[in-house]
Amino acid sequence: MNSELGRRDFMKAAAVGAAAATLPASSYGKVLGANDRIGVAFLGVGGRCQAHIGHVLRLQKENKGVAPVAVCDIWDGNKEVGRGLYYSAERCGLKADDAAHVVKDYRKLLDMKEVDVVCVASPDHWHAKMSIDGAAAGKDVYCEKPMTRTIEEAHAVVDAMKKYNRVMTVGVQSMANPVWRMAYEYITEGKIGHVAQAQTQYYRNSSMGQWRYYKLTKDMNPSTIDWDMFLGYKFNVNGVPLGPTPDKMPFDRAVYGQWRCYWPFGGGMFTDLFVHQTTHMIAAMGVRYPARVIGGGGIYLEYDGRDVPDVATVVADYDEGCQLIITATMINDHIIDEVIRGRLATLKFDRRDGKLGFEVLPQKLGGGPAVPKSAAGEKGEFISGGFTDAKDADTYALWENFITCVRGKNRDTLSTPELGAAAFTTVNLGVQSYRKGEVMFWDKEQRRGASGNGSWAAHWEKRSKDHGKPNEVIGYHGDAKGSELFPPDYQKLGGPWVNGKDPGEKV
Ligand SMILES: NC(=O)c1ccc[n+]([C@@H]2O[C@H](COP(=O)([O-])OP(=O)(O)OC[C@H]3O[C@@H](n4cnc5c(N)ncnc54)[C@H](O)[C@@H]3O)[C@@H](O)[C@H]2O)c1
């Protein structure tokens, strides 16, 4: 396989978005030379950011021309729990009293010349604002998943990155694993035929209740935490405030430390967890925005004051003529396989010797009715992705790629905002469907969700009556073999009797 070609095709397919542009040097506030140091400022130095600090320190140690230069958090922090402002400053080699580089208001860092990159690892409701402000200030952006909290924000970020010509990586680390691009290439060559359906999962089971394992400490209080800045209600993206006012949401340690449990700050497992798998699955399948989405689920056990469900499933249908199911519970961690089903074969993603790859399980096209079969004993060729993602190696690889792209002024990162917005839209429409109790359509022109209706089913029924041809995924260049029906001869006996004439007369 020509991996370069694969990558190019993959990105071409992302025509649905990925404007893989090389930036004119003039678009940079500061033009980086090959040997210039790339200064990173960390915005929101909580749990996840500790990994990012570690990766940037490693890049620095390996003389990759990167260095941590500033940190921002609205909480003083705590050494024992290993998070927050002053603890993180120390890790980055900054002094707690260095008021220029160790701040509680991220805006102070945006004017700093030595900051080339902002790493946004705050809670979800701050992602869009920080990314857009960073881009407007001439910084490139590594932003954690989910890319934003709302669909409107995701598109505001896509627009801002284009407008300001900035390089952005959305922190879905699995995108650093080449296996998804390999699967995409395999699929678009027609090797599994028409893509019908894919399924993925993120099952967990926590005795404490999902996300309650983020420890609360007494020193999380209004004197150490800038609560207004956490809520974000004084800030907006396109006129929409980031969060609720303190009268709606008074200071509460559980809300601060376990914000994932509450709708104003995230989308529960729909956006927090499903977005990981959705991003790499849509990349592999060759689809981007869904046409129709349903979100199901409920809080079936975790009655601990949370807003977000502990059982949830998203069903996304695509114009390309396929479906993606993303499902999980937080109260039982028995998984389902991660697979992509085509007419001719199934790709089953799995690990062998610590390396993710996919097993190609061929289909036998049966003739008659069949009962559901067991997958036990199914075997096929295993194609390894060749990448060991042990010990957060995928996040490191994503950083390496991002830094290379920053230096090369190349917007074509391994996890572009265009891909991120499509994945986020899918899972967020799941939240909207779940909360509104409606099926959601995606309005491509307006770039927003809309209430669904019966037109989706009617569209496919008409296609069938018209004996139309199947649509294929983006970039598909296989032959028609995997998209055909083989009707038996007697099928010619079917059809409407017009004016009493037997359509099968000539048979
Ligand atoms: N890619 C992954 O595998 C992965 C894993 C965990 C978390 N994440 C993502 O990383 C982000 C952070 O998650 P976390 O688990 O570290 O949460 P966290 O609560 O531990 O950290 C968030 C930090 O942001 C700070 N903060 C809040 N508002 C801020 C503001 N206005 N300005 C500056 N700092 C602010 C908080 O004080 C806190 O220290 C989330 O978006 C989450 O989805 C990704």
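Trainee: Which element supplies the largest share of the shell around the ligand?

Mentor: In this predicted model, α2 provides the largest share of that shell, three residues. Helix α2 spans 47–61, and α8 (227–231) likewise supplies at least two residues of the shell.

Trainee: Which residues come nearest to the ligand?

Mentor: The shell holds 27 residues, and Gly44, Gly46, Gly47, Arg48 and Glu144 come nearest. By class, the shell contains 12 nonpolar, eight polar and seven charged residues.

Trainee: What makes the arrangement of α6 and α13 roughly antiparallel?

Mentor: Their axes cross at roughly 175° and come within 9 Å. Angles over 145 degrees count as roughly antiparallel, and α6 is therefore roughly antiparallel to α13.

Trainee: Which residues of α6 and α13 meet?

Mentor: From α6 there are Ile151, Ala154, His155, Val157, Val158 and Met161; from α13, Pro417, Glu418, Gly420, Ala421, Phe424, Thr425 and Asn428. This contact divides into eight nonpolar residues, four polar and one charged.

Trainee: Why is α11 called oblique to α13?

Mentor: The two helices pack at an angle of about 120°, with their axes 9 Å apart. The roughly perpendicular class runs from 65 to 115 degrees and the roughly antiparallel class begins over 145, with the rest counted as oblique. The angle of about 120° falls in that remainder, so α11 is oblique to α13.

Trainee: What is the handedness of the crossing of α11 and α13?

Mentor: That crossing is right-handed. Phe274, Val275, Thr278, Thr279, Ile282 and Ala283 of α11 face Leu419, Gly420, Ala422, Ala423, Phe424, Thr426 and Val427 of α13 in the contact. Nine of these residues are nonpolar, four are polar and none is charged.

Trainee: How do you know that α7 is roughly parallel to α11?

Mentor: Helix α7, residues 179–188, packs against α11 at an angle of about 30°, with the axes 7 Å apart. Angles under 35 degrees count as roughly parallel, and α7 is therefore roughly parallel to α11. In this contact, Trp180, Ala183, Tyr184 and Ile187 of α7 meet His280, Ala283, Ala284 and Met285 of α11. The contact has seven nonpolar residues and one polar residue, but no charged residue.

Trainee: Into which domains is the protein divided?

Mentor: Domain 1 comprises 1–15, 177–207, 264–364, 378–470 and 483–507, whereas domain 2 comprises 16–176. The C-alpha centres of domain 1 and domain 2 lie 29 Å apart.

Trainee: How many residues of domain 1 and domain 2 are in contact?

Mentor: On the side of domain 1 there are 51, which are in contact with 48 residues of domain 2. Such a contact requires C-beta atoms, placed from the backbone, within 7 Å. The elements of domain 1 that each supply at least two residues to this side are α10 (268–272), α11 (274–285), α12 (393–408), α13 (417–436) and β18 (448–451). Helix α12 gives the largest share, 12 residues. The classes on this side of domain 1 are 23 nonpolar, 17 polar and 11 charged.

Trainee: Which value of phi does Asn238 have, and where is the residue placed?

Mentor: Phi of Asn238 is near 50°, which is positive in a residue other than glycine. Asn238 sits in the loop between β8 (236–237) and β9 (240–241).

Definitions and conventions: Residues are numbered from 1 along each chain as its sequence is written. This is a predicted model: local features need pLDDT of at least 70, side-chain atom pairs count only at pLDDT 80 or more; totals for chains, interfaces and linings use all residues. Domain bounds come from an automatic or database domain assignment. Two residues are in contact if their C-beta atoms, placed from the backbone, lie within 7 Å. Helices (H or I, at least four residues) and strands (E, at least two) are DSSP runs, numbered from the N terminus. Ala, Val, Leu, Ile, Met, Phe, Trp, Tyr, Cys and Pro count as nonpolar, Asp, Glu, Lys and Arg as charged, and the others, Gly among them, as polar. A residue is near a molecule or strand if its C-beta atom, placed from the backbone, lies within 6 Å of it. Axes are lines fitted to C-alpha atoms, for helices over the stretch in contact, and angles run from 0 to 180 degrees between N-to-C directions. A crossing is left-handed if the near helix is turned anticlockwise from the far one by less than a right angle, and right-handed if clockwise.
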